[in-house]
Amino acid sequence: MTDTTYELAELDKETRMGGAGTETSAREIRRIDLTDFEHRKAEITEELWAAATDIGFFQLVNHGIELPFVDGAFADAARFFALPEEAKARHALKKGLNSGWESMTQVRPSIGTPDQKESYQVTRPHMDGLWPDDALPGFRERTLAFEARCRDLAMRVLDCFASELGLPQGFFGRAHDPASPQYQSTLRMLHYFAVPDDAVIPADIWRAGAHTDFDCLTLLFQRDGQGGLQVCPGKEAEAQEWTPVEPADTVITCNIGDMLTRWSDDRLPSNFHRVKSPGPDDDRSARYSIAFFAQADRDVVIEGPQRRYPPITAADYIQQRIAANFAR
Ligand SMILES: O=C(O)CCC(=O)C(=O)O
Ligand SMILES: [Fe+2]
């Protein structure tokens, strides 16, 4: 726990989510099938809206990003993280720009201890000097291609939300424009460290501490057998009951982020999630995941149709969240 008070209400809420809480499997993790998206858009929109508003999180299946492509992105992530420390340090995080490599520097307001992980982030306009081109030929091109597919899929889902919110089709696509120098959507490769067999992990050490995401929508790719993710819908946060999410190679777990909560005047609640450390009976090997964060372009003003929150640019919004999360 920290005793800092934050300017954003979202952050104050986060500081209260650091306890262990309890586990429940009673919540349904709804799977939304995107097969034949263009023809089934109305039906899919209904399902997405119901899952996002009743439960607060959901998974996508038959989402169109082919498994070999996802496998390739994970293979590239593993190759990057296997580079020597000094090679990775040449591509160090540009703080505030969600670009580059960091290790153990993310401290969540909920727990106050560093996440037990390293990450490499790609945010298109800020990648000068951050690509490992010499060590990993082709990594840049493949990673950008994967990022583009994630962005397109995220915009499909956001288009469905737009129609329910009374916003025009393409509204979110225009606000997340990969050709704009203001683009700030981010692809993040994550590597949670293996834990030695004899290590006893203190209760306040998490692979990722409890948090909501800063963005509009997160697409989270996980690997079969690499569990640990737990979710708690924002509207049920007080109960601190966490539902484990079974990982699978072919599904994408989605989180609504705080930016969309604001933009929807609270109609789409963000959800808390965290990644627990392996317990005594859990697999202790390394865990990899990849997240795509759809964050509106820096110059876009976030203001819902009902104006429940004061307008804020997406740049200022993300900046306040980064400042609260990265110690150095
Ligand atoms: O690795 C995971 O499963 C979750 C990652 C996450 O929540 C994040 O990076 O925001
Ligand atoms: Fe997250």
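Reply: Happy to! Ligand 1 is surrounded by Arg188, Leu190, Ala208, Asp213, Leu220, Gln222, Leu229, His273, Val275, Ser289 and Ala291, where a residue is near a molecule if its C-beta atom, placed from the backbone, lies within 6 Å of it. This is a predicted model, in which local features need pLDDT of at least 70 and side-chain atom pairs count only at pLDDT 80 or more, while totals for chains, interfaces and linings use all residues. Residues are numbered from 1 along each chain as its sequence is written, and chains are lettered from A and ligands numbered from 1 in the order in which they are written.

Me: Which strands each supply at least two residues of that shell?
Reply: Those are E6 (186-192), E12 (271-275) and E13 (287-294). Strands (E, at least two residues) and helices (H or I, at least four) are DSSP runs, numbered from the N terminus.

Me: And how does the shell around ligand 1 split by class?
Reply: Six residues are nonpolar, three polar and two charged. Here Ala, Val, Leu, Ile, Met, Phe, Trp, Tyr, Cys and Pro count as nonpolar, Asp, Glu, Lys and Arg as charged, and the others, Gly among them, as polar.

Me: New topic: how many residues does the largest nonpolar core have?
Reply: It has 71, and Ala154, Val157 and Met259 are among those with the most contacts inside it. Helix H5 (residues 139-165) gives the most to this core, with 10 residues. A nonpolar core is a set of buried Ala, Val, Leu, Ile, Met, Phe, Trp, Tyr and Cys residues joined through C-beta atoms within 7 Å. Buried means 20 or more other C-beta atoms within 10 Å of a residue's own, exposed means 12 or fewer, and partly exposed is in between, with C-beta atoms placed from the backbone.

Me: What does Ala154 touch, leaving aside neighbours within four places in sequence?
Reply: Leu217, Leu219, Phe292 and Ala294; contact means C-beta atoms, placed from the backbone, within 7 Å.

Me: At what angle do H2 and H5 pack?
Reply: About 85°, with the axes of H2 (residues 41-55) and H5 9 Å apart. H2 and H5 are therefore roughly perpendicular, a label for angles of 65 to 115 degrees. On the H2 side the contact includes Ile44, Thr45 and Trp49, and on the H5 side Val157, Cys160 and Phe161.

Me: Is Thr45 buried or partly exposed?
Reply: Partly exposed, because Thr45 has 17 C-beta neighbours inside 10 Å. Beyond its neighbours within four places in sequence, Thr45 is in contact with Cys160, Ser163 and Glu164.

Methods
Contact = placed C-beta atoms within 7 Å. Axes fitted to C-alpha atoms, helices over the stretch in contact; angles between N-to-C directions. Parallel < 35°, antiparallel > 145°, perpendicular 65-115°, else oblique.
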